[in-house]
Amino acid sequence: IFSLVRKGLYNQSTQGSRGVSSDTHRSALYCAADLVQALGHMSEPFLPELVNCMFGSGLAEDLIDCLHSISASMPSYQAEIEDRLLQEISMCLAGTAAADQICDPLSF
């Protein structure tokens, strides 16, 4: 199931002309949040890759809503979500595509 949700999260910039529509992407975001909420701790092994895929189309209100839902369902994963949000915001402000262009991630 998580694999299917991740496929729905890929956007046009990662899939070229075969990308999914924005409606499909939005639905996949909410499906991911609902799935994590329903499965609780059983979803933990899938969260890192799932959350990374959720950021695939950049920051958006739907993404924030879904991440809030996930962090409410999985408080133990809240710090990782916050770190990923900080990384995404930093990349947006710096105008770069990768965090390693901003700083050395191993220096922390």
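Predicted model: local features only at pLDDT ≥ 70, side-chain atom pairs only at ≥ 80, totals over all residues.
Residues are numbered from 1 along each chain as its sequence is written, and side-chain values use heavy atoms, without hydrogens and water. Local features need pLDDT of at least 70, side-chain atom pairs count only at pLDDT 80 or more, and totals for chains, interfaces and linings use all residues.

Biologist: Which pattern does the protein chain follow along the sequence?

Modeller: Helices (H or I, at least four residues) and strands (E, at least two) are DSSP runs, numbered from the N terminus. The protein chain has 6 helices and 0 strands. Read along the sequence, the pattern is α-α-α-α-α-α.

Biologist: How many disulfides are there?

Modeller: A disulfide is a pair of cysteine sulfur atoms within 2.5 Å. The closest cysteine sulfur to that of Cys31 lies in Cys66, 9.8 Å away, which is too far for a bond. By this rule the count is 0.

Biologist: Is Cys53 buried or exposed?

Modeller: Buried means under 20% relative accessible area, exposed over 50%, partly exposed in between (1.4 Å probe, protein chains only). Cys53 has 12% relative accessibility, so it counts as buried.

Biologist: Which residues make the nonpolar surface patch of about 380 Å²?

Modeller: Like charges are joined within 9 Å, nonpolar side chains (Val, Leu, Ile, Met, Phe, Trp, Tyr) within 5 Å. Leu93, in helix H6 (residues 78-94), counts as exposed at 75% relative accessibility. Areas come from the Shrake-Rupley method with a 1.4 Å probe; for residues, only the protein chains shown count as cover. The patch is made by Leu59, Ile64, Ile89 and Leu93.

Key
Patch = residues over 30% accessible without salt bridge, like charges linked within 9 Å, V, L, I, M, F, W, Y side chains within 5 Å. Salt bridge = Lys/Arg side-chain N within 4 Å of Asp/Glu carboxyl O.
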